[in-house]
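Have the structure open as you read.

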Amino acid sequence: MIDLHTHTLLSDGDLLPSELVRRAAVNGVKVIAITDHADHSNIEFVIDSLTRAAKALNKFWDIRVIPGVELTHIPLETIEELTKLARRKGAKIVVMHGESPVEPVIPGTNRRAIEAGVDILAHPGYIKEEDVALAKVRGVHLEITTRRGHNLGNKHVFTLASTMGAKMVLDTDSHTPE
């Protein structure tokens, strides 16, 4: 089992990175990406912290930990810039907080994230068909999420991505021990 979208207390999660990873390993997860929320204010701190945690945990535990970020509620004009910065600073996976139906995400975020080449567009809600087509061309994975509320768009995302041949990924968007 693989989970590429999780959070720790470095953003809005409840657990230390080591506790999140330990709980995931006990539940059969073999690869986990920790993708704490980031914007201009904390991106370097988050990536540095998760890179250190991943290095230690990968050395001693039988689970692969991938350090990353979830760019969240940022101006459209900065998505590409922060995607590039995240990669330069060592994020191995860049997730973009998509246009979830339960949060006031800026319209156009889905499109800009795909254009910027993020790895995963998280909970993209009622994504437009043309954006799914672009995600297919750019190799951006569209997330099917188990997180309550964000999952309201799952059927729409799955239907379009399946029909159009876009890549998908199933993630938890975990924030709590449960």
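In this predicted model, His97 stands opposite Ala122 in strand S5. That pairing belongs to the contact between S4 and S5 (residues 120-122), which lie parallel and share 3 bridges. On the way from S4 to S5 comes helix H4 (residues 109-116), and the three make a right-handed β-α-β unit.

S4 also pairs with strand S3 (residues 64-71): the two run parallel and are joined by 4 bridges. Here Val69 has Val94 of S4 as its bridge partner. The chain passes from S3 through helix H3 (residues 79-89) to S4, again in a right-handed β-α-β crossover.

| Partner of S4 | Sense | Bridges |
|---|---|---|
| S3 (residues 64-71) | parallel | 4 bridges |
| S5 (residues 120-122) | parallel | 3 bridges |

How do the side chains of S4 sit? Ile93, Val95 and His97 point one way, while Val94 and Met96 point the other way, and all are buried. In a regular strand, side chains alternate between the two faces of the sheet. Because 5 of the 5 residues of S4 (residues 93-97) are buried, the strand is largely enclosed by the rest of the structure.

Now to the largest pocket, which holds about 450 Å³ of space. Its lining has 23 residues, and the closest to the centre are Asp3, Asn27, Thr172, Ser174 and Glu178. Strand S1 (2-6), helix H1 (17-26) and strand S7 (168-171) each contribute at least two lining residues. By type, the lining divides into 9 nonpolar, 7 polar and 7 charged residues.

Methods. Residues are numbered from 1 along each chain as its sequence is written. This is a predicted model: local features need pLDDT of at least 70, side-chain atom pairs count only at pLDDT 80 or more; totals for chains, interfaces and linings use all residues. Side-chain values use heavy atoms; hydrogens and water are left out. Buried means under 20% relative accessible area, exposed over 50%, partly exposed in between (1.4 Å probe, protein chains only). Two strands pair if DSSP finds at least two bridges between them. A crossover is right-handed if, with the strands pointing away from the viewer, the path from the first strand over the helix to the second runs clockwise. On a 1 Å grid over the protein atoms alone, a cavity is a set of points where a 1.4 Å probe fits but cannot get out, and a pocket is an open set with protein on both sides within 12 Å along at least five of seven lines; lining residues have an atom within 4 Å of a point. Grid points are joined across faces, edges and corners, and a volume is the space filled by probe spheres set on the points. Ala, Val, Leu, Ile, Met, Phe, Trp, Tyr, Cys and Pro count as nonpolar, Asp, Glu, Lys and Arg as charged, and the others, Gly among them, as polar.
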